[in-house]
Amino acid sequence: MKKAFIFDMDGVIINSEPLHAKAKLQVLRRYGLDCGEKELVRYVGRTACDFYTEFLQQHPLKGVTAEDLTELKHEIYLDSLAKNESIKPIEGVKDLLARLQKAGYLIALGSSSTPKIIDTVLTRFGIKAYFKVILAGSELPRSKPDPAIYLLAAQKLQVKPEECVVLEDAASGIAAAKAAGMYCIAYRNPTSGPQDLDRADLVVEQLADIKI
């Protein structure tokens, strides 16, 4: 019996991947660098620090660290969130949260974003109170596709991994959920780019398709 439901954030609660990609590229261009769309798609669902760490291994910048680039990226992203009043929750997510709560599920969030970004999004959408546990991948030593964030969510919810359902939109997040021994639902979000969803237990085209 499933007792807990764990949400990713980017791509399942907010259509933020285009904003993340734009912010990452803005940072690179400030240093005269660029990268292709295919390279960015590989990092959907992973931390910005992962992206910049691996990018700098191929394109070193003297006196500049991945942490420096990540901090600047987060500043740009938060600024774009603040200025873009048209950003709304993904259709069906508020209804899904209400249905899960009514059914007695423990609800958690395991996102690769920072605590500040997570708090900004959840507070803006008025949904923070639904989540019993909120985890930021930026604060963990290993990010998705490592299962650490989902295993920690289960531990904090005091449930077994096999009692959890994870909602993801990215291949890296699906890999993390399956490595954690959890049931994974993939939401096919066109703004997340071409993601391999084959490892998910269930793929849905809209959140209203998720049965509780």
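**Close-up views of a predicted model**

**View 1. Ser143 and its surroundings.** Leaving out residues up to four places away in sequence, S143 touches T47 and D50, where contact means heavy atoms within 4.5 Å. This is a predicted model, numbered from 1 along each chain as its sequence is written, in which local features need pLDDT of at least 70, side-chain atom pairs count only at pLDDT 80 or more, and totals for chains, interfaces and linings use all residues. Side-chain values use heavy atoms, with hydrogens and water left out. The side chains of S143 and D50 make a polar contact at 2.4 Å (a pair of N or O atoms within 3.5 Å; within protein, one must be able to donate a hydrogen and the other to accept it, and residues adjacent in sequence count only if both atoms are side-chain atoms). S143 counts as buried because its relative accessible area is 15% (buried means under 20%, exposed over 50%, partly exposed in between, with a 1.4 Å probe and protein chains only).

**View 2. The loop between strand 3 and helix 7.** S143 sits in this loop, with strand 3 covering 133–136 and helix 7 covering 148–157; helices (H or I, at least four residues) and strands (E, at least two) are DSSP runs, numbered from the N terminus. P145 lies in the loop too, and the peptide bond from K144 to P145 is cis, with omega near 20°.

**View 3. Strands 2 and 3 side by side.** Strand 2 (residues 106–111) runs parallel to strand 3, and four bridges join them; strands pair if DSSP finds at least two bridges between them.

**View 4. F131 in the nonpolar core.** The largest nonpolar core has 52 residues, and F7, I13, F131 and L167 have the most contacts inside it. Such a core is a set of buried Ala, Val, Leu, Ile, Met, Phe, Trp, Tyr and Cys residues joined through side-chain atoms within 4.5 Å. Helix 4 (residues 66–83) gives this core its largest share, seven residues. Neighbours within four places aside, F131 is in contact with residues including F7, I13, L97 and I107.

View 5. Q158 lies in the loop between helix 7 and strand 4 (164–168). Phi of Q158 is near 65°, a positive value in a residue other than glycine. Q158 counts as exposed because its relative accessibility is 73%.
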